[in-house]
Amino acid sequence: ISDQKPLGCWSVKHGQILTCPVVCNFETHEYIAVHDDKVLRIWKNEDINLDKAFKATLSADVYRIHSLPNGGPLVLFRGGGVRTLDVLLEAPQQEIENVISDEVIRWSGAFMEGQQPVLIFTTEKDEDFFVYVQKPKLSSLHKYKLEPQESSKPLCFTAHIMNHTVTLLCLYSNDSVYQVLIPLQQDTEEEEEKEILSKSLLLNFSVPGTVLKGTSLVVLDKDHVAVLGSLAVPGKEPRECLSIWNTKFQTLQTSKELPLGTSGQLWCHEEKFFLIHGKVLTVIMYKCETSSLAAAVGKLKDSQNPDVSLFVNWNTLEHEELVVSFQSQECVALKAESKMNLRSRRSTVAKVQPETLSVGQLLLNLKDASTYVLETELRQLMSKAPTPDLQATIGCVVTALTDRCKRNPKYYPQNFLLEIVETRDLSYSLCPDLMAVALEKKDMHLLQTCLERFPDIPEEITYACLKAFLSISEAHLQNIDVNVDSVICYIDVEFDDKEVKTEIVENGFSAEMDQDMCDTKIPKETQSRSDGDSCPVGLQKAALLNAVLLSAYTETFLLPHLKNLPAQQAILFLRYLYYLYVKCSEKVNTTLPGTRSPTINQIMDWMCLLLDAHFTVMVMLPEAKELLSNLHKFVRAQVRFYSELNKIEGSLRELQRLNHLRESQTYSIEVLEII
């Protein structure tokens with residue numbers, strides 16, 4: 001999510017509409033969707049065409065599909081009927097009963113109660129609201145009526161199950177949250193009479209001078225809820241915000257304005273908020289501490305961390321300098337302390353043993369320590385026994401080093417950073433500032449290593465690395481330690497750094513063949529430089545460019561950046577790609593020797609991407625004319641060669657069939673005529 005990399009994309013045909021959210025079947029790792037109310041689609045991640053996926057037309061309209069980790073998917077129909085997916089697939093056209101009459105479903109949720117799935121949904125009819133509790137596997141159904149609330153109505157619902165009791169929370173239009181307790185009945189007979197459920201006031205959004213209009217409500221734990229809504233202040237326009245409330249003490253714990261606006265929807269999963277902020281999906285980590293009165297009224301103070309935010313890491317929304325602290329192996333966001341607080345604590349750093357400090361506290365104490373003390377303490381920290389938070393800890397260590405690099409331009413622990421990246425299983429998201437600092441310091445070796453090891457590098461950084469590699473001079477690269485394992489096996493270099501040219505023709509192409517395939521005349525003195533036989537860059541630069549070719553990217557996000565590449569650098573890069581393409585085509589298996597060498601598919605993808613980004617410029621520049629001409633000629637030769645192979649494909653298959661039919665002990669001479 002942080003690096004905007006789509007992992008899969010599927011679409012329905014024109015005119016079809018997805019009518020309920022797509023879910024994942026945790027048991028089979030399949031996706032389940034419904035389009036046009038009744039058409040069920042099931043497919044796996046490797047499936048490409050949704051139209052060819054499994055299809056089943058149902059007999060009734062589907063309202064929602066709920067997927068439970070241990071209970072399987074449940075299908076809720078608009079008429080209130082519920083089926084497990086397995087039962088539904090046995091007979092897709094089975095009749096679905098209508099449980100509700102003239103009622104409209106407003107909300108639904110699925111939960112596990114022991115080993116049994118429980119589905120709860122609310123309906124509305126003539127401003128009356130009803131609650132249905134179903135256990136599909138036990139054919140149990142209970143219907144209740146919500147106690148009406150004068151001059152207000154429910155806006156949204158959420159629920160959870162604990163101790164055989166359903167706790168239903170209702171956000172009403174009078175800016176209040178009400179709680180409804182529903183005991184789970186053990187009988188399996190359908191309820192005929194509607195029992196009226198009484199509700200109790202759980203929370204009132206009364207903040208002095210403001211009014212909170214909630215649109216979405218989620219439960220965080222037994223004492224905390226999160227509300228997404230708009231905050232109205234007299235005389236000002238309403239501002240959307242996300243807030244966390246303590247229901248036990250009726251207090252607002254924390255809130256954050258969302259200036260770009262939201263869709264009104266809020267999701268919560270594994271201590272992370274998911275919400276649409278502006279045009280992006282934002283993920284915000286949170287951690288609810290044990291509820292106490294001191295924390296609820298904001299009087300809880302940590303003697304060592306006076307500015308601890310006990311609830312939410314807002315770092316996703318604002319670019320403030322934050323220090324990550326681990327307390328009881330849980331991540332808490334710390335605001336940067338003032339210089340006054342830091343000065344008052346410097347005298348106590350030496351008195352506190354590092355073993356007694358959390359990672360965040362240790363890094364904060366080492367913020368102004370000497371270089372030797374800093375690196376010694378960080379090495380000791382990383383040498384500790386592996387823990388579940390070790391990777392995050394190492395990410396914090398790298399962040400501490402890059403922060404010091406930004407504060408002190410003369411400080412740059414190149415060897416230390418390179419050692420960490422080479423020996424630890426890191427990712428870009430754990431240390432997002434590392435590659436930016438390496439680019440600023442022009443540390444090509446570290447950038448190459450990061451490109452080879454980080455799986456989640458944003459396209460903007462990939463482009464920045466490519467531009468840096470192309471712009472650096474060959475003379476400067478001679479003094480830099482670069483890993484050349486990916487190129488040393490196919491670029492032979494003499495003492496004067498000129499490539500030793502070897503002629504190998506295996507794939508039906510040579511420089512002399514098919515000269516009539518392109519009308520452009522190329523002078524002999526320039527032909528050897530651009531026909532793909534000699535590498536246009538040095539050994540070190542080729543190794544750096546290979547690291548870019550091997551990095552993961554999404555074309556949609558890389559193309560806008562690639563269009564900003566200067567024309568001369570784009571031509572140089574295309575020359576190198578053309579050189580690699582020719583080298584691959586020289587071999588029967590179309591693979592380059594060496595470790596971590598780019599594949600022919602990666603080379604062709606980058607060539608197409610570069611031509612898409614700079615085609616107009618390439619056509620207009622005289623120096624690119626011969627390169628495009630040679631590339632065009634080579635591709636046409638390859639197409640002709642494979643076309644000739646396709647012509648004899650049938651004969652080769654027939655020969656293979658005859659070899660299978662021939663008796664192994666019989667000697668014969670056969671003449672096959674290939675037409």
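Start with the three-stranded sheet: select residues 62-68, 72-77 and 82-84, which are β5, β6 and β7. The strands form an open, antiparallel sheet in the order β5-β6-β7. Strands here are DSSP runs of E with at least two residues, helices are runs of H or I with at least four, and both are numbered from the N terminus. Two strands count as paired if DSSP finds at least two bridges between them. β5 and β7 are the edge strands, each pairing on one side only. On average, neighbouring strands of this sheet are turned by 20 degrees against each other, direction ignored; the axes are lines fitted to C-alpha atoms.

This is a predicted model, in which local features need pLDDT of at least 70 and side-chain atom pairs count only at pLDDT 80 or more, while totals for chains, interfaces and linings use all residues. Residues are numbered from 1 along each chain as its sequence is written, and side-chain values use heavy atoms, with hydrogens and water left out.

Stay on β5 and β6, which are joined by six bridges. Pick R64: its bridge partner in β6 is L76.

Next, select T84 in strand β7. T84 is buried, with a relative accessible area of 13%; buried means under 20%, exposed over 50% and partly exposed in between, using a 1.4 Å probe on protein chains only. Beyond its neighbours within four places in sequence, T84 contacts P73, L74, P136 and K137, a contact being heavy atoms within 4.5 Å.

Move to helix α9, residues 444-453. Eight of its 10 residues are buried, so α9 is largely enclosed by the rest of the structure. Among the buried residues are M444, H445 and C450. Show α7 (414-423), α8 (434-441), α10 (459-471), α11 (474-477) and α13 (539-550) to see what the buried residues of α9 pack against.

Finally, colour by pLDDT, the predictor's confidence in each residue from 0 to 100. The chain mean is 77, and 75% of residues reach 70 or more. Residues 493-531 are below 50. Where pLDDT is low, the predicted coordinates should not be read in detail.

Methods
Axes fitted to C-alpha atoms, helices over the stretch in contact; angles between N-to-C directions.
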